[in-house]
Amino acid sequence: MRIRDDRDRALDFASPPRRVVSLVPSDTLNVAAIGCAGALVGRTDYCELPEGVVRALPSVGGTKNPRVEAICDLSPDLVLANQEENTRSDLQELATRGIRVYIAFPKRVAAGLAHLAKLARIFGVAADADAKDLVERGYDALRGAETARAAATPLRTFCPIWMDPLMTIHGDTFVSDMLDLCGAQNVFADRVRRYPLAADLGKALALPPEKVGDRDVRYPRVTTDEVVLRAPELIVLPDEPYAFREGDVAFFRSLDTPAASRGAVVRASGKDVSWYGARSVDAIARSRELVGRYAGLSS
């Protein structure tokens, strides 16, 4: 069986992988969710779920700084990676050592579910009842959310991912798509990250695209003045990658925005809005419910 990853690299599987190192927290959950936790032999410090599975696995370090030697010592026949979460040099080093690396990069909820289905094929469980039901429930949830989204007026929403510096998300991100799917329209969907830092904060001219190169421009640093100007009706504060606290909630409630005046500043699960695949199956409904709580509030 030949599978192409999100870098359009062809990987051949004569049989399902039996020794897998996951460098992606959501994929550690995905593998377990399709009934293949027994194939996992390593994970990162940031892999948290399922708790019982994770506790039994050795860690190979962080997502950005895994210990390549530790990975190799586990003799994996597959490493699950993510283009955004993992460092290119580490993945290239693993490939150079002859280790098969599958690189995912879903930027849409639908792409995350397709990735889950692809994993089921790789592990040879696509026809198994539990794995098949999981994928089908995910697509049912997706279709239901799409139908509801088409019939509703979305809430203009600000979702920061870091506090100092204040950072948010472009529309070409999984988080933005999940929120939009659930009725929360990203007010910074069109805002790219500018280089250098002074340009991102509006204090200098931005580099032209040819000088920016392949640097990621999907996570801009913004000012509170920009947030106020974009007038969000809802502010969602996820608990990862930055764990927003009650003091941060109070800060955003102090801003002159419709969200603050409506009492629509809320903390949310970062896993629900950013973990792709199995987590999305039930997270879609939870995120729709969260956004729906604030849809009928008066300004």
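Reader: Which residue in strand 10 stands opposite Leu237?

Author: The model is a predicted one, in which local features need pLDDT of at least 70 and side-chain atom pairs count only at pLDDT 80 or more, while totals for chains, interfaces and linings use all residues. Residues are numbered from 1 along each chain as its sequence is written, and side-chain values use heavy atoms, with hydrogens and water left out. Strands (E, at least two residues) and helices (H or I, at least four) are DSSP runs numbered from the N terminus, and two strands pair if DSSP finds at least two bridges between them. Strand 9, residues 234-238, is joined to strand 10 by four bridges and runs parallel to it, and the residue opposite Leu237 is Arg267.

Reader: Why is one side of strand 8 and of strand 10 left without a neighbour in the sheet?

Author: The sheet is open and has four strands with parallel pairing, in the order 8-7-9-10. Strand 8 (184-186) and strand 10 (265-268) stand at its edges, so each has a single partner strand.

Reader: Which helix packs on the sheet?

Author: The helix in question touches strand 7 (155-158), strand 9 and strand 10, where contact means heavy atoms within 4.5 Å. Its direction makes about 150 degrees with that of strand 10, with axes fitted to C-alpha atoms, for helices over the stretch in contact, and angles running from 0 to 180 degrees between N-to-C directions. Residues 246-253 form this element, which is helix 11.

Reader: Is Val175 buried or exposed?

Author: Val175 is found in helix 7, and, leaving aside neighbours within four places in sequence, Val175 is in contact with Cys159, Ile169, Val273 and Ser274. Buried means under 20% relative accessible area, exposed over 50% and partly exposed in between, with a 1.4 Å probe and protein chains only. Because the relative accessibility of Val175 is 14%, Val175 counts as buried.

Reader: How many charged residues are in the lining of the largest pocket?

Author: A pocket is an open set of points on a 1 Å grid over the protein atoms alone, where a 1.4 Å probe fits, with protein on both sides within 12 Å along at least five of seven lines, and lining residues have an atom within 4 Å of a point. The largest pocket is lined by 32 residues, with Ser274 among those nearest its centre. Counting Asp, Glu, Lys and Arg as charged, Ala, Val, Leu, Ile, Met, Phe, Trp, Tyr, Cys and Pro as nonpolar, and the others, Gly among them, as polar, the lining divides into 17 nonpolar, six polar and, as asked, nine charged.
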